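Hi,

Here is the structure I said I would pass on. Have a look at it first, and my notes on what turned up follow below.

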Amino acid sequence: MARKVTAIPARISKFSEQPINEVKKRRVAGYARVSTDHDEQFTSYQAQIDYYTNYIKARSDWEFVKVYTDEGITGTSTRHREGFKEMVADALAGKIDLIVTKSVSRFARNTVDSLTTVRQLKDAGIEIYFEKENIWTFDGKGELLITIMSSLAQEESRSISENVTWGHRKRFADGKVSFAYSRFLGLDKDKETGKLVVNEEEAKIVRLIYKLFLDGMSMYSVAAELTRRKILTPGGKEKWSQSTINSILTNEKYKGDALLQKHFTVDFLQKKVKKNEGEVPQYYVEGNHEAIIDPKMFDIVQDEIEKRSRSKERYSGVSIFSTKVKCAECGSWYGSKVWHSNDKYRRVIYRCNHKFDGDRKCTTPHLTEDEIKAYFISALNKLVGEKDEVISNIREIRQVLCDNSILAAERDALQEEIAVVVEMTQKAVAENARVAQDQEEYNRRYNGLVERYDSLKNRHEEVCSEISSREARYEQMGRFIEVLEEQENIITEFDDSLWGSLVDHIVVRTKKDVTVVFKDGTEIKA
């Protein structure tokens with residue numbers, strides 16, 4: 001008996017799981033994106049929306065769902081594309097059967113993102129149609145074509161990113177400065193000339209921040225004081241943070257200069273930005289615009305920041321007396337303590353922070369704020385009485401500090417020697433790579449060069465640090481002279497600004513043995 005084979009046709013679509021003979025409209029959505037928010041792109045963006053709306057509605061077998069959009073968003077990542085993520089979520093929720101988009105590059109320029117999304121939607125029975133390439137993802141060769149096209153689109157993104165990066169670095173090399181004016185306190189961009197101009201109202205806030213810091217306040221205390229005064233931050237917020245104060249105190253733009261390329265983009269796909277720690281060139285532009293802070297004062301502030309960071313104990317600027325009163329016995333700072341906090345005898349005193357640490361107790365006495373003020377008034381009046389002699393001595397010391405010629409010569413010689421050692425090290429490594437050598441002898445020679453380099457580098461850093469320290473000290477003495485010259489008469493009342501401008505710290509031994517150390521180094525027993 002002859003075999004007979006009868007074909008039974010498929011009744012269910014393997015993709016949509018719908019009956020093949022059933023006439024049902026496919027729910028179709030469009031996706032449109034432009035990668036910038038510039039005005040010239042608006043026409044392209046709006047045109048895509050209108051086109052896909054009409055295109056989908058014109059098909060009798062399609063049911064229009066929506067055109068999902070992303071405006072001004074890069075295509076290299078789907079992370080921040082809210083319209084794209086909403087579309088995928090709706091599709092996976094069963095609201096969409098087919099997605100129509102212009103091209104693979106509009107969908108995603110990242111190969112991984114593109115293929116991951118396509119496969120995710122395909123597994124859920126949702127098809128994508130790329131009009132420009134005429135690719136249907138349910139087609140057998142669809143994924144291969146998408147892989148190729150996505151890779152090409154990704155390389156295009158790489159090329160565009162490299163061109164943009166080159167453009168930025170060329171501008172930096174030419175000394176062209178740009179930054180976020182809207183979040184920068186004190187500097188605006190002139191609408192007519194395009195140059196940086198000082199906003200005087202905001203500049204007053206910047207100068208106040210520098211003054212409060214030099215008067216002895218910590219960055220945290222400065223932030224709290226500005227918040228208390230209801231002064232708005234550069235971002236328009238009511239509460240100031242320590243990091244914002246630190247940014248303003250260390251930003252060279254406030255003294256009229258500009259350091260370019262402080263950060264750079266590491267990965268063009270993820271747009272990861274990293275602080276530049278020497279990986280790419282930086283450019284320093286001096287005198288780029290009008291200064292808000294005098295360069296000398298700016299340098300004094302940097303020296304003060306460095307000085308506080310080097311301190312063994314955490315700097316406290318809760319009050320103007322914090323980190324200003326020192327115990328003569330153990331060398332620790334005095335801290336504020338509250339006595340009788342809950343009754344009418346409440347008062348604030350200052351006492352050695354380590355008075356009761358260990359077996360040996362410090363015998364130095366506590367002081368009240370009034371006593372500290374009295375010691376300062378006494379010492380300052382003695383200083384004013386000898387003002388001419390003191391100023392003359394300071395000027396002689398400044399002349400010595402001004403002469404950095406020996407240190408500068410040593411710094412230059414060290415730089416030349418470092419360059420020679422680096423060249424010798426590179427030659428040794430290159431020679432070892434080309435010619436077979438005794439590795440024990442090579443390692444001995446190489447390690448010797450490395451040790452020599454480290455020794456030279458450490459000394460170079462010490463010399464540069466000493467030069468900077470002397471220059472900052474020189475400027476600080478100049479400021480001290482200016483303040484002292486303005487003080488004509490003896491004072492009878494405590495002055496916060498004079499305390500912050502003139503006093504480095506006071507040393508307490510007994511109630512009758514207190515020494516005030518001024519910022520020029522002068523010591524006066526009060």
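Let me start with helix H7: its buried residues pack against helix H6 (200–214), helix H8 (242–250) and H9. H7 covers residues 219–228, and its buried residues include Met219, Val222, Ala223 and Leu226. "Buried" here is under 20% relative accessible area, "exposed" is over 50% and "partly exposed" is in between, with a 1.4 Å probe and protein chains only. Helices (H or I, at least four residues) and strands (E, at least two) are DSSP runs, numbered from the N terminus.

Some housekeeping before the rest. This is a predicted model, in which local features need pLDDT of at least 70 and side-chain atom pairs count only at pLDDT 80 or more, while totals for chains, interfaces and linings use all residues. Residues are numbered from 1 along each chain as its sequence is written, and side-chain values use heavy atoms, with hydrogens and water left out.

The overall picture: the protein has 526 residues, and 40% of them are buried. Its secondary structure comes to 14 helices and 18 strands. Taking contacts (heavy atoms within 4.5 Å) with a separation of 6 or more, 61% are between residues 24 or more positions apart.

Strands count as paired if DSSP finds at least two bridges between them. Strand E1 (residues 26–34) runs parallel to E3, joined by 4 bridges, and Gly30 has Val100 in E3 as its bridge partner. On its other pairing, E3 (residues 98–101) goes with E4 in the parallel sense, again over 4 bridges. There Leu98 is partnered with Glu127, and Thr101 stands opposite Phe130. E4 then pairs with strand E5 (residues 135–136) in the antiparallel sense over 2 bridges, with Phe130 opposite Ile135. The hairpin of E4 and E5 has 4 residues between the strands, and Asn134 takes a positive phi near 55° in it.

Which way do the side chains of E3 point? Leu98 and Val100 go one way, Ile99 and Thr101 the other, and all are buried.

On to the cores. A nonpolar core is a set of buried Ala, Val, Leu, Ile, Met, Phe, Trp, Tyr and Cys residues joined through side-chain atoms within 4.5 Å. The largest one has 38 residues, and Phe376, Leu380, Trp499 and Phe518 have the most contacts inside it. The elements that each supply at least two of its residues include helix H10 (369–385), H11, H13, helix H14 (496–502) and strand E17 (513–518). H10 gives the most, with 8 residues. Apart from this core lies another, of 30 residues, among them Phe184, Val198, Val206 and Ile292.

Trp499 deserves a click: leaving aside neighbours within four places in sequence, Trp499 is in contact with Ile320, Phe321, Lys324, Ile372, Phe376, Phe494 and Ile506. Ring pairs also link Trp499 with Phe321, Tyr350, Phe376 and Phe494 into a cluster.

How many aromatic pairs does the structure hold? There are 16, where rings of Phe, Tyr and Trp (its six-membered ring) pair if their centres lie within 6.5 Å, with planes under 30 degrees apart stacked, over 60 edge-to-face and the rest tilted. Tyr51 and Tyr52 have ring centres 5.0 Å apart and planes at 75°, so that pair is edge-to-face. Tyr51 is partly exposed at 37% relative accessibility, whereas Tyr52 is buried at 1%. Phe321 and Phe494 form a tilted pair, 5.7 Å centre to centre with 45° between the planes. Both of these residues are buried, and they sit 173 residues apart, Phe321 in the loop between helix H9 (295–310) and E12, Phe494 in the loop between H13 and H14.

Last stop, helix H11 (residues 387–402), which contains Lys387. Is that lysine buried or exposed? Lys387 has 12% relative accessibility, so Lys387 counts as buried. Beyond four places in sequence, Lys387 touches Leu484, Glu485, Gln487 and Glu488.

Cheers
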